[in-house]
Amino acid sequence: MGDSMARPPREPLRPARLAAVFFRVGAMNELQYRVNFVVQLFQSAIALVTGLAVLALVFSHTSELNGWSQAELLAIMGVHIVMGGLIRTTIQPNMLRLMEDIRQGTFDFVLTKPDDAQVLASVREIRIWQAVDVIVGAVVLAVALSQLSGSIGPGEALAFGFALALGASMIYCFWLILTTGAFWIVRMDQLAELFEGIYQSGRWPVTIYPGWLRISLTYLVPIAFAVTVPAEGLTGRLTPETLLLAAGFALGLLMFTRWFWRFGLSRYSGASA
Amino acid sequence: MTAAGREQERREAVGRIALLGALVDLYLTEIRIAIAEQFQYRVANYFYMVGMIAEPVIYLVVWSTVAEQQGGSVGGFTPGQFAAYYIVWTLVRNMNIIFTPYGWEWRIRQGELSGMLLRPVHPIHWDLGYFAGWKFVAIVLWLPLALILAMLFRPELEPDLLDVAVFAIAIWGAYLIRSVNYWILGMVSFWTTRVGPLFELFLTAELLLSGRLVPLALMPDWAQSLANVLPFKWTFGFPIEALVGDLPADQLLGGLLMQLLWIVLGAIGVRVVWRFAVRRYSAVGN
């Protein structure tokens, strides 16, 4: 629908520019509510203390978990918190709004704008205070790395960053595919809870799960790619094959998501909001 | 006593019975409404449930891994016993779903409470009735999931008749304890709207000290003693262990009495806090 409108001239960086504009507006909006920063800080602290307590509890009964030491699991926890922060800052708020828009019919307003609807629907919302978790996770990660023997060279750092970006894009695809389901199933408001619940599995290396679950957590819900693989990059376990697989899978998933989005969009009939 | 006095007394007794009958009627109606309503949202309910089942499956896998690494058991739990614990956990968790304390803000802000105040019964009865009805839907939807989980994780479960009977009562005890506790907590919204951190603190304490995260036997001693004086373990650990563990009869029945104690304390708490809270409520229009 949106594509049949007058197309703006081709401009490869337009999505990035759009995202930047929305980011500015969103940030200015959120900056009005500064107490939320303190609230978020407090909530992140509770989550962090709980996570550390669970880790300490597990390692009070064992010295290693499936070949991962406590420091290595701390690294996984760091990546998990960083990725969780990224998801709640950018991906999740956009998808929840999209879901709501489809249900209410207000998605019309997105389609009437002369830009790609998928891009618009993916960059409209931003929750800057949730980014506290990105910082908290980075600190946890730094502490974990200082406890680990073996140094991190630029190669490892680069592989880590690349794996993290791939993981984030796969999580985005996963969310968008599910949200696109709202074109058929109208009420999907439990989706965030569903994802949040499954996402918690990423706090542990995916190798501890039994086979069927491990495969689901890799290809069905790409949490292994989003958390375990980047963490492997930092603990000297990442093979080039795994990274290549992640890149290939991310690319395939992005293409499928694009196709599925258009397919779902053709089902949308609007509701004259 | 005069005849008139006796007549007066008789009328009051009849009135009380009629009130009780009306209350039972209210509960039955609320339960019927909840069942009809929630069955319509099967998909949403299933999403919610599957998301919820992720949590115990994660704990189960982690602790089974620890048990295997420790030569087959940790803290007296084998992987099969962990499986039983966490599968029963999923039912107890479903029983533990109550009106969320976060919902109070909405209730107050939207003025939904105004309508509730006009009715001749205390609003808590509506929540208790409605969520009790929802439980029946949850249990029906839970059964196939439990079957799948049991096939996947092979629980070791040998309850006797008393265990099952106590469990059947204890899950409703857990429901009531959690309902009244979270009602009290939610009513904080009458004083402040920044309730998120407080709720989260409460939820975290519950997570760690209830047996939700891990069987309490695996917690350090000081945490176990702390859990003994708090209501949390009576909403998670106790019902699960009644069915899964081999608690002696006196502990099973004593546990039910402890549940009763916490229900009574919570009900008194609701009465007292509600009296002050509702005075702070004001609404416009609606």
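User: At what angle do helix 2 and helix 6 of chain A pack, and how far apart are their axes?
Analyst: Helix 2 of chain A packs on helix 6 (residues 132-147) of chain A at an angle of about 40°, and their axes are 10 Å apart. This is a predicted model.

User: Is that crossing left-handed or right-handed?
Analyst: The crossing of helix 2 and helix 6 of chain A is right-handed.

User: Which residues meet there?
Analyst: From helix 2 of chain A, A:Q40, A:L41, A:S44 and A:L48 meet A:V132, A:D133 and A:V136 of helix 6 of chain A. By class, the residues of this contact divide into 4 nonpolar, 2 polar and 1 charged.

User: And helix 3 against helix 6 in chain A, what angle and what distance between axes?
Analyst: Helix 3 (residues 70-104) of chain A and helix 6 of chain A pack at about 165°, with axes 7 Å apart. That angle makes helix 3 of chain A roughly antiparallel to helix 6 of chain A. Their crossing is left-handed.

User: Take A:L141 then. Buried or exposed?
Analyst: A:L141, in helix 6 of chain A, is buried because 23 other C-beta atoms lie within 10 Å, and the cut-off for buried is 20 or more.

User: What is A:L141 in contact with, leaving aside neighbours within four places in sequence?
Analyst: With those neighbours left aside, A:L141 is in contact with A:A75, A:G78, A:V79 and A:V82.

User: How far is A:L141 from A:I185?
Analyst: The two residues are 44 apart in sequence, and their C-alpha atoms are 39 Å apart in space.

User: Switching to helix 11 of chain A. What is its span?
Analyst: Helix 11 (residues 240-265) of chain A has 26 residues and reaches 37 Å from its first C-alpha to its last, close to the expected 38 Å.

User: Which of its residues are buried, and what do they pack against?
Analyst: The buried residues of helix 11 of chain A are A:A246, A:A250, A:L253, A:T257 and A:W261. They pack against helix 5 (117-123), helix 7 (154-180) and helix 10 (223-234) of chain A.

User: Now the contact between the chains. How many residues on each side?
Analyst: Chain A gives 28 residues to the contact and chain B gives 30 residues. On the chain A side, the elements giving two or more residues are helix 2 (35-61) and helix 8 (191-199). Helix 2 of chain A supplies the largest share of that side, 10 residues. The chain A side divides into 15 nonpolar, 9 polar and 4 charged residues.

User: How does helix 8 of chain A pack on helix 2 of chain B?
Analyst: Helix 8 of chain A and helix 2 (residues 42-69) of chain B pack at about 15°, with axes 7 Å apart. Helix 8 of chain A is therefore roughly parallel to helix 2 of chain B. The crossing is left-handed.

User: Which residues meet across it?
Analyst: A:L191, A:E193, A:L194, A:E196, A:G197 and A:I198 meet B:F47, B:Y48, B:V50, B:G51, B:M52, B:A54 and B:E55. By class, this contact of helix 8 of chain A with helix 2 of chain B has 8 nonpolar, 2 polar and 3 charged residues.

User: What is the secondary structure of chain B overall?
Analyst: Chain B comes to 11 helices and 0 strands. Its C-alpha atoms fill a box of roughly 75 × 50 × 40 Å along the principal axes. Of its 286 residues, 38% are buried. Among contacts in chain B between residues at least 6 apart in sequence, 82% join residues at least 24 apart.

User: Back to the backbone. What is phi at A:N66, and at B:R154?
Analyst: Phi of A:N66 is near 55°, positive in a residue other than glycine. B:R154, also not a glycine, has a positive phi of about 50°.

User: Where do they sit?
Analyst: A:N66 is in the loop between helix 2 and helix 3 of chain A, and B:R154 is in the loop between helix 6 (124-153) and helix 7 (161-186) of chain B. A:N66 is partly exposed, with 17 other C-beta atoms within 10 Å. B:R154 counts as exposed, with 11 C-beta neighbours inside 10 Å.

Terms used:
Residues are numbered from 1 along each chain as its sequence is written. Chains are lettered from A and ligands numbered from 1 in the order in which they are written. This is a predicted model: local features need pLDDT of at least 70, side-chain atom pairs count only at pLDDT 80 or more; totals for chains, interfaces and linings use all residues. Two residues are in contact if their C-beta atoms, placed from the backbone, lie within 7 Å. Helices (H or I, at least four residues) and strands (E, at least two) are DSSP runs, numbered from the N terminus. Ala, Val, Leu, Ile, Met, Phe, Trp, Tyr, Cys and Pro count as nonpolar, Asp, Glu, Lys and Arg as charged, and the others, Gly among them, as polar. Axes are lines fitted to C-alpha atoms, for helices over the stretch in contact, and angles run from 0 to 180 degrees between N-to-C directions. A crossing is left-handed if the near helix is turned anticlockwise from the far one by less than a right angle, and right-handed if clockwise. Angles under 35 degrees count as roughly parallel, over 145 as roughly antiparallel, 65 to 115 as roughly perpendicular and the rest as oblique. The expected span of a helix is 1.5 Å times one less than its number of residues. A residue is buried if 20 or more other C-beta atoms lie within 10 Å of its own, exposed if 12 or fewer, and partly exposed in between; C-beta atoms are placed from the backbone.
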